[in-house]
Amino acid sequence: MANTSEFGGSSPSLQNYASTASAVKLASLGLIMGISLLGNASLSLLLLKDSSLHKAPYYFLLDLCLADVVRSAVCFPFVMASIGGDSTWPYSALICKIVAFMSVLFCFHVAFLLFCVSVTRYMAIAHHRFYYKRMNLCTCVAVICMVWTLSVAMAFPPVFDVGTYKFISEEEQCIFEHRYVKANDTLGFMLMLAVIVGTTHVVYIKMLCFVYDHRKMKPAQLVPAISQNWTFHGPGATGQAAANWIAGFGRGPTPPTLVGIRQASHLGNRRLLVLDEFKMEKRIGKMYYMITLTFLILWAPYISACYLRIFVRGAPVPQLYLTAAVWMSFAQAGANPIISFLFNKELRVRLRACFPCCLGTQTPMEPYCVI
């Protein structure tokens, strides 16, 4: 009787704790949803509006942003509805499978796309001539279509109860039902996700090793040469002649092509692969690696909990840890715009140029005072 009275006395406090926890979950998920929609929509508009950003790496970034917008607008409201319904699913089993399919689809889509981006980043650094020649809009569209096809292939089989999609009350979402490996088929999906993320980091490590091995190589520089009647001689003769020929000075045949000079198809579009361009490629690579690292950090706790439940029968996962892990995976939908603006100076500059009214430009001070 004493125990019963103790439980009876603690029942109101448990109810208050549950209501407070639900309010915190709703508020945090609403904040994540708002940041994701606002940030990804703003970045998408910037990438579409600014023609100078119509390049291969930003096409992939646009695809990431649009996918996060759809995930936030479609999947998160159902999670909020389940929280409001005391961790129950208020809809049909078919809708649960559709929502779970979309959640897994977007997860694998990010993983596959970041892997493809890592390969293109390596090509941009190590094989820049081939990269600039082949990575056009059609190639990017083909890569994006391939990524979506692979993502659908990974997320669609559980719809037919191969690794069943169900509502998990502990996670308050429709997702894989991760049970013990002998009673479930989700191990292959989890292993595939881990392999993709691991391979992506291997590619970035290879790119880092390439940059480290070539750190002593200087970019193409034009060494001043001695000129006598437009006849150049000296250590920088070829480079000076080529520079003057490109600038329109002098006549005669085209000077020998230097290492570091890429001849364009149009005469007015000639440019040099100089240090600034190499630094830009490194900045974009750093931005995408930070996006990949953030994806790994935010998904690692949840993936670890899934592996624990798969390999250990009846593994007790603390509810607080599981909730935090699930919410960290939700936060990944709003992290990409923040990382993109933090680690890419070009995006910040173009944002100020395209949306000056939203950033509150400072009025320049007058050099004198009117008396």
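Author: Buried means under 20% relative accessible area, exposed means over 50%, and partly exposed lies in between (1.4 Å probe, protein chains only). This is a predicted model: local features need pLDDT of at least 70, side-chain atom pairs count only at pLDDT 80 or more, and totals for chains, interfaces and linings use all residues. Residues are numbered from 1 along each chain as its sequence is written, and side-chain values use heavy atoms, leaving out hydrogens and water.

Reader: What percentage of the residues in the protein is buried?
Author: The protein has 371 residues. The buried share of them is 40%.

Reader: How many helices and strands does the protein have?
Author: Both are DSSP runs, numbered from the N terminus: helices are H or I with at least four residues, strands are E with at least two. The secondary structure comes to 13 helices and 6 strands.

Reader: How far apart are the end C-alpha atoms of helix α10?
Author: Helix α10 covers residues 319-331, which is 13 residues. The expected span is 1.5 Å times one less than the number of residues. That predicts 18 Å, and the computed distance agrees: 18 Å.

Reader: How many aromatic pairs does a search of the whole structure find?
Author: Rings of Phe, Tyr and Trp (its six-membered ring) pair if their centres lie within 6.5 Å; planes under 30 degrees apart are stacked, over 60 edge-to-face, and the rest tilted. The search finds 17.

Reader: What is the angle between the planes of Trp89 and Phe167?
Author: Their centres are 5.7 Å apart, and the pair is tilted. Trp89 sits in the loop between α3 and α4, and Phe167 in strand β1, 78 residues apart. The angle is 40°.

Reader: Is Trp89 buried or exposed?
Author: Trp89 belongs to an aromatic cluster with Phe78, Tyr91 and Phe167. Its relative accessibility is 17%, so Trp89 counts as buried.
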